[in-house]
Amino acid sequence: MESSRASEKKKLKRKEILEKKKAADQLLKVASAQIDHLTSFPSFCYFNKNGLCLRLESGRGDKLSNCTKQQIQKLLKANMMGPYGSEWAVEEKVKRREMVAPEARYIFVYWNANEMMDNAFTPLLGFLHFRFTLEEEIPVLYLYELQLDSSVQGKGLGKFLMQLVELIAQENRMGAVVLTVQKSNSLAMKFYISKLRYVESSISPSRVDPLVGVEKNYEILCKTFDHEAKAILEDC
C-alpha cells in the first residue's frame, strides 16, 4: 500500500513538473513571437531629455541589415574591448554569432529624424539585445547587451532603457531580468547594483562556487518579480 502511494506521488510530481515546463515554454514562445515590444509602451518610443531627442525602434537578430550589423559591432568594440582586454578577440567572435541569432530581440536608439537636417544616414546611438529564455526552469528576460555611444551616456538614457526592459519582462510574465557584467567594468557594476538595485544571482559563479568564481571574470546579476524567481535566482 505504501509503495503504491509513493509511486502515485512520484507520478503526480512528474506530471506537475511537466505541466510547469510546458507553461514556461508557452510563455517564452508567446513573448518571442511578439513582433514589436515597443507597441505596448508608446511613452518609451521617444527619449527627449537632457538635450537629447531620440527615437527607439524594435528589431530581431535574423532581420538585421548589413549596415546595422556593422554599427552594432562598432559600438560593441568601442565599449567592450577595454573591459575584456586580451579576451576581446575571442569574445568579439562570440558576440557576432549572438548578434544574428533568430531569438535575439533588439531595441535600437537613433536621433529623432524630425530633429535632423540630413536623414540619409542615421547613426546607431545605442541598443538593447535581449532574449526570452529559461534559467533554473524560471522564464526570464536575459539582457545580453546594453550599449550606448559615448555622446549619449550619463544623460539618463541607460536608466530609461532598463525601465523599458523591466516593463517588457513583466508584461510577458517573466520571473526576472538577468544579465552578465564583467568584473572589470566597475561603472556597469555600480550602475546595475547601486542605481537599479540588481543583486548578484545565485547562479553567478562566485555564489555557485567561490573558488571557481574567483577565476571567472564576470558576475550574473538579476532583478526578480515574483516569489518563486526570488527564491531560486536570488536566495538559493
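This is a predicted model: local features need pLDDT of at least 70, side-chain atom pairs count only at pLDDT 80 or more; totals for chains, interfaces and linings use all residues.

Glu-228 counts as partly exposed because its relative accessibility is 36%; the terms here are buried for under 20% relative accessible area, exposed for over 50%, and partly exposed in between, with a 1.4 Å probe and protein chains only. Its side chain forms a salt bridge with Lys-20, with 2.2 Å between the closest N and O atoms. A salt bridge here is a side-chain nitrogen of Lys or Arg within 4 Å of a carboxyl oxygen of Asp or Glu. Glu-228 belongs to helix α8 and Lys-20 to helix α1, residues 2–33, so this pair ties together parts that are 208 residues apart in sequence. Lys-20 is likewise partly exposed, because its relative accessibility is 42%.

Residues are numbered from 1 along each chain as its sequence is written, and side-chain values use heavy atoms, with hydrogens and water left out. As for the elements, helices (H or I, at least four residues) and strands (E, at least two) are DSSP runs, numbered from the N terminus.

How many salt bridges does the structure hold? There are ten. Another of them joins Arg-131 and Glu-103, at 3.1 Å from N to O. Arg-131 lies in strand β4, residues 124–135, and Glu-103 in the loop between α3 (88–99) and β3 (105–111), so the pair ties together parts 28 residues apart in sequence. Arg-131 is buried, with a relative accessible area of 9%, whereas Glu-103 is partly exposed at 40%.

Let us stay with β4. Ten of its twelve residues are buried, so the strand is largely enclosed by the rest of the structure. Strands β3 and β4 run antiparallel and are joined by six bridges; two strands count as paired if DSSP finds at least two bridges between them. His-129 of β4 stands opposite Tyr-106, and its bridge partner in β5 is Glu-145. The hairpin formed by β4 and β5 has two residues between the strands, and Glu-136 in the turn has a positive phi of about 55°.

I return now to helix α8, residues 227–235, which also contains Glu-234. Which side chain of opposite charge is nearest to Glu-234? That side chain is Lys-230, 4.0 Å away, and Glu-234 is buried yet has no salt bridge; in this count, Lys and Arg are positive and Asp and Glu negative, with His and the chain ends not counted. Lys-230 does form a salt bridge with Asp-235, the closest N and O atoms being 3.4 Å apart. Leaving aside neighbours within four places in sequence, the contacts of Glu-234 (heavy atoms within 4.5 Å) include Val-199, Arg-207 and Thr-224.

Finally, consider Leu-161 in helix α4, residues 157–171. Leu-161 counts as buried because its relative accessibility is 0%. Beyond its neighbours within four places in sequence, Leu-161 is in contact with Leu-56, Val-109, Leu-128, Leu-146 and Leu-148. Leu-146 is 15 residues from Leu-161 in sequence, with 8.3 Å from C-alpha to C-alpha.
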